[in-house]
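Here is a short briefing for a first look at this protein. Take a moment with the sequence and the model before reading on.

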Amino acid sequence: MHDKTKSLIEKLESEHHLELGEYEYLIAHRDQQAMDFAAERADCVRREIYGTDVYVRGLIEFSNYCKNDCLYCGIRRDNKNASRYRLTEEQILDCCAEGYELGFRTFVLQSGEDSYYTDEILCDLIGKIKKSFPDCALTLSIGEKSRESYQAYFDAGADRYLLRHETASPAHYAKLHPGSMSFLNRIQCLYDLHEIGYQVGCGFMVGSPYQTPRTLAEDMMFIERFRPEMCGIGPFIPHKDTPFRNEPAGTLEETLYLLSLLRLLQPNLLLPATTALGTINPLGREMGAKAGANVVMPNLSPTNVRKKYMLYDNKICTGDESAQCRHCLDLRMESVGYQVVVSRGDIIRK
Ligand code: SAH
């Protein structure tokens, strides 16, 4: 590790700010020692705020219909091989009930951008979930909507919203998405969500095609400015039925390093050790926790649809029951000295 790398990691920890060129340098000069040093500092910072607690969210993938055609995504509109499904309100409520029994106190409803679920249907569903499980937080991850729709879901009781910005570079964004999608709109959505009062999660894939240390530095700068409550990052993994089928996957090492840098940038950030991280390496989520992650998001979807929500190839846990996933993650986190807790898992503000 160069002296400059070490001093930049220390500066990030103490000032929570670097210049664009400094982030770029840090990301471009990653070596094993830099990774180890960043992870050690990140774990220390995380323990000061969250101790060894790991927050758990139950992910319910309720529809894989999507009107968008993101070039990286397995459920993109143009993938004619995807077998499409929608869960009914009753099925979704059943998933929540099962999750509640298993100790989940946050439910994340995620889907493609599926206009079948009108605002009326969604608000009704949100109201029912909040009424049945008043001590739980409800997170939506259903893509870009109008400010009015976001407001309606919030008024109906939704607490949080996950919308990865995907990349903070407009030029890079244009290479990952069809011309019909707009970088500015996505960023506007994130600001709208914050203004309405949601706890917001942004995020990006690590190693997506055309990504560079420079675009990653821009992601870090964006997170500095936006100050999300959560930031979801995981490796890009190619899907066989997308234009990016032959692109290389993101690496375990770079993802772990970025988790550590994000923890140092914003110490109280909720940082998930994602399913994609567990997919590229069998111990990816454990290593993610050690590098600074403090959230896991196991699947609560009904077993018979799991294989259909294939964002990327070889996604793990698609054959397991929810209870198995929950138990398995308990053990995995314990094996590296952390524990999954039964709690809404809100961000801690000091
Ligand atoms: N339609 C919702 C949910 C998208 S899926 C929305 O627009 O927010 C959730 C996330 O999965 C995406 O934001 C993307 O970052 C990630 N993802 C999609 N395809 C992926 C791939 N091939 N490899 C890794 N992550 C992927």
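How does the radius of gyration of the protein agree with that of a compact globule of 350 residues? The model is a predicted one. A compact globule with 350 residues would have a radius of gyration near 20 Å, and the protein has 19 Å, so the two agree.

**Overall build**

- The protein contains 14 helices and 9 strands.
- Along the principal axes, its C-alpha atoms fill a box of roughly 60 × 45 × 40 Å.
- Among contacts in the protein with a separation of 6 or more, 75% are between residues 24 or more positions apart.

**Surface and burial**

- Buried residues make up 59% of the 350 in the protein.
- The protein has an accessible surface of about 13,800 Å².
- Carbon and sulfur atoms account for 51% of that accessible surface.

**Charges**

- The protein carries 41 positive and 49 negative charges.
- Side chains of opposite charge can pair when their charged atoms come close.
- The structure holds 26 salt bridges.

- The side chains of Glu-40 and Arg-41 meet in a salt bridge, at 3.9 Å from N to O.
- Glu-40 counts as partly exposed because its relative accessibility is 48%.

**The network around Asp-69**

- Salt bridges link Asp-69, Arg-76, Arg-77 and Asp-78 in a network.
- Within this group, the side chains of Asp-69 and Arg-77 form a salt bridge, with 3.6 Å from N to O.
- Is Asp-69 buried or exposed? Its relative accessibility is 7%, so Asp-69 counts as buried.
- Arg-77 has a relative accessible area of 42%, so this residue is partly exposed.
- The Asp-69 to Arg-77 salt bridge thus joins a buried residue, Asp-69, to a partly exposed one, Arg-77.

- Asp-330 forms a salt bridge with Arg-326.
- The closest N and O atoms of this pair are 3.3 Å apart.
- What separates Asp-330 and Arg-326 along helix α14? The two residues are 4 residues apart in this helix, which covers residues 322–335, so about one helical turn lies between them.
- Arg-326 has a relative accessible area of 8%, under the 20% cut-off, so Arg-326 is buried.

Notes: Residues are numbered from 1 along each chain as its sequence is written. This is a predicted model: local features need pLDDT of at least 70, side-chain atom pairs count only at pLDDT 80 or more; totals for chains, interfaces and linings use all residues. Side-chain values use heavy atoms; hydrogens and water are left out. The radius of gyration is taken over C-alpha atoms; the globule rule is 2.2 Å times the number of residues to the power 0.38. Buried means under 20% relative accessible area, exposed over 50%, partly exposed in between (1.4 Å probe, protein chains only). Contact means heavy atoms within 4.5 Å. Accessible areas come from the Shrake-Rupley method with a 1.4 Å probe; for residues, only the protein chains shown count as cover. Lys and Arg count as positive and Asp and Glu as negative; His and the chain ends are not counted. The place of a charge is taken as NZ of Lys, CZ of Arg, CG of Asp or CD of Glu. A salt bridge is a side-chain nitrogen of Lys or Arg within 4 Å of a carboxyl oxygen of Asp or Glu.
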